[in-house]
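This report walks through selected features of one protein model. Keep the sequence and the 3D view open while reading.

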Amino acid sequence: MRLFVGDLTSGRNILPIPAREGEWEIRRNRAGTLSCDVTLSAKAHRRLDLYQAAMPGRSYLGIAEGDFIFEAGPIWEHDYDDDTRRLRIDAEGIWSFLMRRFIMPAAVETVALLLQSGDDAGKPNPAVATLFTGATWPAIVRQILQQGMARAGGALPFVFGPDGVGAHDKGYDAASFKTQGEAFTDLTELVNGPEIEFRAEFAPGGTGVRWRPLVGDDDQLKIARIGAPHRFDFSAPQRTVRKLHVRRSARDLSSEAWATGGRQAAIALVSRAASDALQKAGFPRMESLSSAHSTVKEQATLDAYAQDDLALGSGLAEWWTLETNIDRVPMVGSFTLGDYCDVVLRRNPYLPDGTHRRRIAALSGELRSRWVKVTTDEVVAA
């Protein structure tokens with residue numbers, strides 16, 4: 001694997017970094033992380049000048065294998081120890097940068113965010129609101145990004161795909177100071193909201209790095225490539241997988257899920273969803289309450305959240321992780337976030353034999369290792 005830095009605004013000016021250690025992690029619907037440690041010498045300092053070339057806030061750090069980029073994003077911190085001549089560079093995925101851009105049109109530079117007179121004085125000024133009517137999820141994400149890119153100094157190397165299908169209404173008052181990253185997180189947490197990923201890739205000719213927003217639409221809310229699931233076979237004589245780890249938890253079990261909302265609208269909303277399936281399976285009665293939906297104003301929406309909580313509490317939660325050798329099938333670049341995989345088990349002393357279908361939720365690894373850690377989605381199992 002190789003590490004490199006470049007200019008965040010353009011994606012260009014790629015400079016390889018001779019790092020001895022590095023690590024990375026990517027997850028769905030959030031920023032990934034990556035870091036490296038470089039031992040510097042006076043000669044290397046003059047040649048690389050990482051003080052300038054990898055400047056926090058102005059540069060990005062990337063890690064790749066061949067033409068496949070695991071992660072790339074803005075550098076936020078340097079930590080240099082002159083006694084050991086070691087420089088640590090910490091970066092996060094591009095989503096972390098979008099947490100530092102507000103959803104505001106350029107007009108906010110000349111138009112007040114709040115109405116200045118009349119009966120509505122002090123309320124958000126609709127002249128600087130960002131409104132979407134009958135738009136697809138990908139179109140909403142694209143236009144929010146383009147709005148920020150159109151402002152002075154706002155250029156970023158994004159490339160966009162098709163807008164997909166769907167019709168949704170969304171609105172953002174400039175005075176709410178909602179960041180782009182926060183808005184995208186909110187979209188992913190909606191009932192029937194889309195998955196969102198910002199995938200780093202090399203520009204044609206390898207001249208730079210760019211980010212491609214992948215956003216689910218009403219036809220397919222999940223970001224998943226079509227094709228046969230990847231196979232991680234623990235029953236094969238010569239394994240290319242190792243370190244299977246399974247965690248099971250009963251902490252979220254619930255036969256009756258309550259949800260509250262409506263606080264911001266000054267209207268109390270309460271919803272209840274119940275099932276006797278756990279009792280029939282021999283579990284004692286357990287109940288849960290979610291108060292995380294204070295902004296919900298519609299009873300039907302709160303009902304949907306309560307039903308989701310009940311579904312998540314209908315069985316034991318399981319999380320699976322394993323490691324796969326990226327020099328063997330499935331090879332590096334052939335699998336990524338959102339892909340489905342089959343974990344094949346035979347004669348396992350704890351888990352049942354068979355083929356267990358899972359979905360990749362996170363990937364992580366180290367610079368000098370040929371093994372990548374695969375984390376699968378939480379599943380609810382009996």
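Start with the cysteines. Cys 36 has a relative accessibility of 0%, so Cys 36 counts as buried. Cys 341 is also at 0% relative accessibility and therefore counts as buried. The disulfide count comes to zero. Keep in mind that this is a predicted model.

**Salt bridges**

How many salt bridges does the structure hold? The count is 28.

| Pair | N to O distance |
|---|---|
| Asp 37 and Arg 88 | 3.4 Å |
| Glu 109 and Arg 151 | 2.8 Å |
| Lys 123 and Asp 120 | 3.4 Å |

Take Asp 37 and Arg 88, whose side chains meet in a salt bridge. Asp 37 lies in strand S4 (residues 33-39) and Arg 88 in strand S7 (residues 86-92), so the pair ties together parts that lie 51 residues apart in sequence. Are the two partners buried or exposed? Asp 37 counts as buried, because its relative accessibility is 14% and the limit for buried is under 20%. Arg 88 is at 28% and so counts as partly exposed.

Next comes the bridge between Glu 109 and Arg 151, with the closest N and O atoms 2.8 Å apart. This pair links distant parts of the chain, 42 residues apart. Glu 109 sits in the loop between helix H3 (94-98) and strand S8 (130-135). Arg 151 sits in the loop between helix H4 (137-149) and strand S9 (168-172). Glu 109 has a relative accessible area of 54%, so it is exposed. Arg 151 has a relative accessible area of 24% and is therefore partly exposed.

Lys 123 is at 46% relative accessibility and so counts as partly exposed. Asp 120 is partly exposed as well, with a relative accessible area of 39%.

**Two packed helices**

Two packed helices are described by the angle between their axes and the distance between the axes. Now look at H4 and helix H5 (residues 180-188). Their axes come within 11 Å and cross at roughly 175°. H4 and H5 are therefore roughly antiparallel to each other, because the crossing angle of roughly 175° is over 145 degrees. Which residues make the contact? On the H4 side they are Trp 137, Ile 140, Val 141, Ile 144, Leu 145 and Gly 148. H5 contributes Gln 180, Phe 184 and Leu 187.

S14 and S15 pair in the antiparallel sense over six bridges. Strand S14 (residues 256-261) pairs with S16 in the parallel sense, over five bridges. Ala 257 stands opposite Ala 273 in S15. Ala 257 also stands opposite Ser 288 in S16. Ala 259 has Ser 290 of S16 as its bridge partner.

Ala 268 is found in the loop between S14 and S15. At 73% relative accessibility, Ala 268 counts as exposed, because the limit for exposed is over 50%. Ala 268 and Val 296 are 28 residues apart in sequence, and their C-alpha atoms are 9.9 Å apart in space.

Technical notes:
Residues numbered from 1 in each chain as written. Predicted model: local features only at pLDDT ≥ 70, side-chain atom pairs only at ≥ 80, totals over all residues. Heavy atoms only, no water. Pairing = 2+ DSSP bridges. Helix = DSSP H or I, 4+ residues; strand = E, 2+ residues; numbered from the N terminus. Salt bridge = Lys/Arg side-chain N within 4 Å of Asp/Glu carboxyl O. Buried < 20%, exposed > 50% of the residue type's maximum accessible area, 1.4 Å probe, protein only. Disulfide = S-S within 2.5 Å. Axes fitted to C-alpha atoms, helices over the stretch in contact; angles between N-to-C directions. Parallel < 35°, antiparallel > 145°, perpendicular 65-115°, else oblique. Contact = heavy atoms within 4.5 Å.
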